[in-house]
Amino acid sequence: MSSRRFQNSADAQFTDNWDRLAQAIREIHKKNASILSFEELYRNAYNMVLHKNGDKLYNGVREVITQHLEEVAVAQVVPAFPLSGASSSQTNPNGAGGANFLKVLKCVWEDHTTCMLMIRDILMYMDRVYAKTANVPLVYDLGLDLFRDTIVRSQNYPIQNHLLDVLLQQIKLERENEIIDRSNVKASIDMLLELTDASTKDTVYATDFEHRFLDTSSEYYRVEGQMLVGECDAPEYMKKVDKRLNEEEQRVRHYLSQTTEPKIRSIVEEELISKHLKTVIEMENSGLIPMLRNEKMDDLGRMYKLFGRVGKGHDEMKSAISDYIRELGKAINETVTSNSAAEGSNVASGDKQTGASVAIRWVQEVLDLKDKFDKVQNLALSNDKAFQTSFNEAFEHFINKNPKSPEFISLFIDDNLKKGLKGKTEEEVDNVLDKTITLFRFIGEKDVFERYYKQHLAKRLLLGRSVSDDAERGMIGKLKVECGYQFTTKLEGMFNDMRISSDTMSDFKDYLDNKSVLEKPKLELSVTVLTSTFWPMNLSASPRCNLPAELTKACDSFQRFYLDRHSGRRLTWQSNMGSADIRGTFKARKHELNVSTYQMVILLMFNDLQDGESLTYEQIKGESDIPEADLKRNLQSLACAKYKILVKEPKGKEINPGDIFFFNYEFTAPLQRIKIPTVASKVETEGERKETREKVEEARKHQTEAAIVRIMKDRKTMDHNNLVAEVVKQLQSRFVPNPALIKKRIEALIEREYLERASGDR
Amino acid sequence: MKGKEDLNQDKNFQDLLVACRSGDLERVESLVRNFATPINRTDFWQCSPLYLACLCGHYNVVKFLLENGARCERKTFEGERCIYGALTPKIRNLLSKYKYSKAVDEIQPYRQFFSQLLERSFDTLSDIIFKLYVSTDLTKTVEIPAHRFVLYARSTLFANNFQTIWRTCKVIEIQEIQIHPSCFLVMLRYLYTGEIGLIPEDLTSNMIQLCNYFHLDNLAELYSVTDMPFTKIVTQERDKIELQKRQQDFTKFFKNVLLGGKKYFYTDSDDEKDYKNSLKTNNIQNGINEEPKFIGIQQFAQHDTCIRVEDEYFPCHKAIITGRSEYFNAMFNGPFAKAQHIVTVSDLNPGIFALMLEFIYTDKCDIPESVAYEVLIKADMYLLDKLKSLASIVLTSSLEPLEDIYVLRRTAVDLNIDRLEQWCSRWFAEHLNEVLEDQRFLDLIYESAHSIQKRQETDTIPFVDDLRYWLSKKYSVFEGDIDKKSGRVDDEDITAWEAEYNSTLEKIDQILLNLNLDA
């Protein structure tokens, strides 16, 4: 029953078997497989392997296939070489020769793989039994290796060169918008991908083709990059780069290997983006700055997207935009200084309205700039945090370059809370204030801002100028969020004083009702009691003023009432902050005038005069004892403003010593009740500023000392540098302390024996 | 014969347990893959191979066992025991995340084959389409492809219909009852794989109706039980029964229908009259490449191709023979596939071919001892590895060689059948004195010595090593007593058996010396 045949007939049988198989493989190559019997061939191969002729079979198959492939190379591949050789294939402009070559190669490859599948089926037993034990490639893989060595990397014919050249040329043609037959290229690429390089175990595609493809691409885009930079403006350039990137991605997807995708992408990025970053950013009339100027959001967005692909792209963009912001900021600052220089020359003429409007315009311009870059950030830069940070730095830089920025911002808020709110909805108000807060964030000297804000708030509260309590409190709430509880306690204290005062006033009214008529003052008095530490008024320099007797009496009565209730307190009258309602009789009709306390004092002096009589500036000054600056301001608003209650000789906008004032009987106005505005000093004069500055410096000294003591109490011993660093850290939410100042404060504290040098330390 | 096989399995199972204890992955692999040792059995102390491997902390063995269908169900005693007994957390994790049902489906190639046959019925040569009307819209139909022979084998009703009213139908429309397509698919799945799929409750009545319609009484019964105990243990038990039932169905179909009841080998259990009756061919031949006219039941085999072996014709189904054998796949689906209906396979005995077909159709095969060697050779030739192991099991279960021992030994080496090789070496060791003078024995040693290419002084001869090993077993020599250098027992008080062992080794050394070999 044994089916094993023994060696005696083996040789003959081997020859017989092998002849049949070799013939069969030849028939397969001739595409005559239909005449073959799979069953018989399989059996032949099986017998050979079983009789230990696996190696002979294997080598025989190798030979037959090689021979066939050699023939194919000569008969089919070589004749299909593009006409004038590889190097001059450019003479063949549409690459038809190349395309044909690829087509032939595709056919050859397809034939080969089909044949190999059939051969594999026949030799299945050899694969399973012989190839495994002999550790040789399976027959299909052998076929691939042979194809690689005989066709693709033929030693005899320059097939490889032609193939690679044609492929690269086809790709080049496609890059130049020619239509190529992608399927042919894809077939060849797939073929290269399927073949394996023996030494590297990588695909032939990777070892032979890919690096050449990358090199040519690199060269191609280097040239194109230089050309485009010369020809196009920035948006156009970026559109082209974008297109190129898409094209390459498509190309890889359609007929190259996915592994090439990152490589070719980085080449395009390197050649078209990295190398021309600066050039494109700085392109005149179309670069980054013009784009920002003209708000070309699409182009900016594209630039952001493209430049983000390469390492330094965003950094370059960031610094360019930041520089631009600084530049614009500088320009805004300059208009202010030039304006205030103009104002400086006008100061003599007392035109301070301009000052406030300069501040408001400055803030508004900064806000507009901020809006603009927020928009850029939002629409073009996909809210990139890194960009935001660098923009903020730029804003911080130029805002702090303007020493008046804390005052300006406070003025802007003042303006908005005073009248600006009227036509606006609550949301709009909130919006404006929110924006202002972002500017406030940029300020380094927050304590200076606080000082100004306190002043402005005080005026708003005392003169009842504030439009809405809610808005005020909202603003304080926002500041609290920004700077913490400490920053706003005093501001809140001011609100508290206002509330307590209104209670006190109703009590005072009851108190007066119980008094006899004689004791009752003849005028209605409303007093606001301010806690001196909360409010910005200077106690020691409380302005003098001679009040009329009536008024003095009323004040005394309140003072008695108040001190009865709160013993141990002291009241100081701030006559410069008050206002009064008085009735004036003019020729046409009576008017109710709402004036400041000083104005009231001045006007009451005219009560004693006959018609036609006048008072000189010096007389008024002498009698009222009002400080000169205030006096001038109040006279100005009475004699030179919209409502001319007084007539001045000689006429003019400025008040000068020696001027003469008459009561204006001829005065007319459409309304019965008139509010005489005080020409408020909105922007400080240089002198005032210096004073504020000094106060701020003084306050800083105290704060610094307090901080030092706080820290030292906690740490007991500390070296100088650490102490300075710690102090800076604690104080920087309010201002940026200068190390020299800290050092001075430490010395002062040592002098006063609050601190001492550690023993052993000099 | 059955008893012997069981005995053999017992021994394999004991070996498997030992290998699992010791973490010998290769041995476990060989036992499970080549000898189909039952993986889910338990020993006297209720220890399963998986439990032992877990207990002894052999991660790789545990992994292999799980991948090859070892069960570890949380709710069973064995499963819990495995998880609690696991030596390392790594093994415990592996156990708890392994899905039993999935593993089994993927691993058991035979079962997997049928479930793929169903799932991809469109490209697996389906030869019948069922048209069902969608209950919600009577103008729409759902077409479900299937394979005639599976249905024929598994259901009497289908078999009858295929013989009669559906004989020539390509499309069968079922109009009499409304069938939900998913019910029909569950039924098909049951017929193909023996699996009992879950049905949403609202479809249960439809399912029962369907089962009744197709006379699948026991399936209908299963679905009529209102609170079906779908616990895993019950499911597993039932799965086992259903699997067996399916295999029986296919065996019956194969033997009675495909072979037309013909028996190729006479066994003791056969009635002599039946056997002789079966010997006459059931077909009438027209021409050599034309399909014969099958008569009797064979004409209903629902075959789509026909294989001629010598003078016999076998009706076959491409779907199953191409799916289960690479050789036939290349023959019918590869570039060599031909339109002709009939294919000849030469150099083969029809009886052997019938055994091969039996294996292909049913995944098992009763191999008579008389042809085991021949089956082994053909199984190797047609790349049917599992059949090869089945044949080698038969060959190695016998006490005396079923074929010339020298041929057997060479075949074992050539075809790389470790089990058979060891069995031969053992036989030689047992009968050493009888063969020692035989030139053929000397040839074997010589061949074995030269099987290692570029042999060096220090290399051993595999055959001789095996002989020594089995000799030491024969004489019950304790491994520790063997001197490493000389290979002899080098003890003060030497037993008679050990002395005999030493002298036998002497003889072998003498032979080697004569052959000019050194080992």
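Modeller: Two strands pair if DSSP finds at least two bridges between them. Helices (H or I, at least four residues) and strands (E, at least two) are DSSP runs, numbered from the N terminus. The model is predicted, so local features need pLDDT of at least 70 and side-chain atom pairs pLDDT 80 or more, whereas totals for chains, interfaces and linings use all residues. Residues are numbered from 1 along each chain, chains are lettered from A and ligands numbered from 1 in written order, and side-chain values use heavy atoms without hydrogens or water.

In chain A, strand β4 (residues 646-649) pairs with strand β5 (residues 660-663) in the antiparallel sense, over 4 bridges. V647(A) stands opposite F662(A) of β5(A). Buried means under 20% relative accessible area, exposed over 50%, and partly exposed in between (1.4 Å probe, protein chains only).

Now the charges. A salt bridge is a side-chain nitrogen of Lys or Arg within 4 Å of a carboxyl oxygen of Asp or Glu. In helix α11 (residues 260-273) of chain A, R265(A) and E269(A) lie 4 residues apart, about one turn, and their side chains form such a bridge at 3.9 Å, N to O. R265(A) is partly exposed at 33%, whereas E269(A) is buried at 9%. E269(A) also bridges to R309(A), at 2.8 Å. R309(A) sits in the loop between α14 (297-307) and α15 (313-346) of chain A, so this pair ties together parts 40 residues apart in sequence. R309(A) is partly exposed, at 36%.
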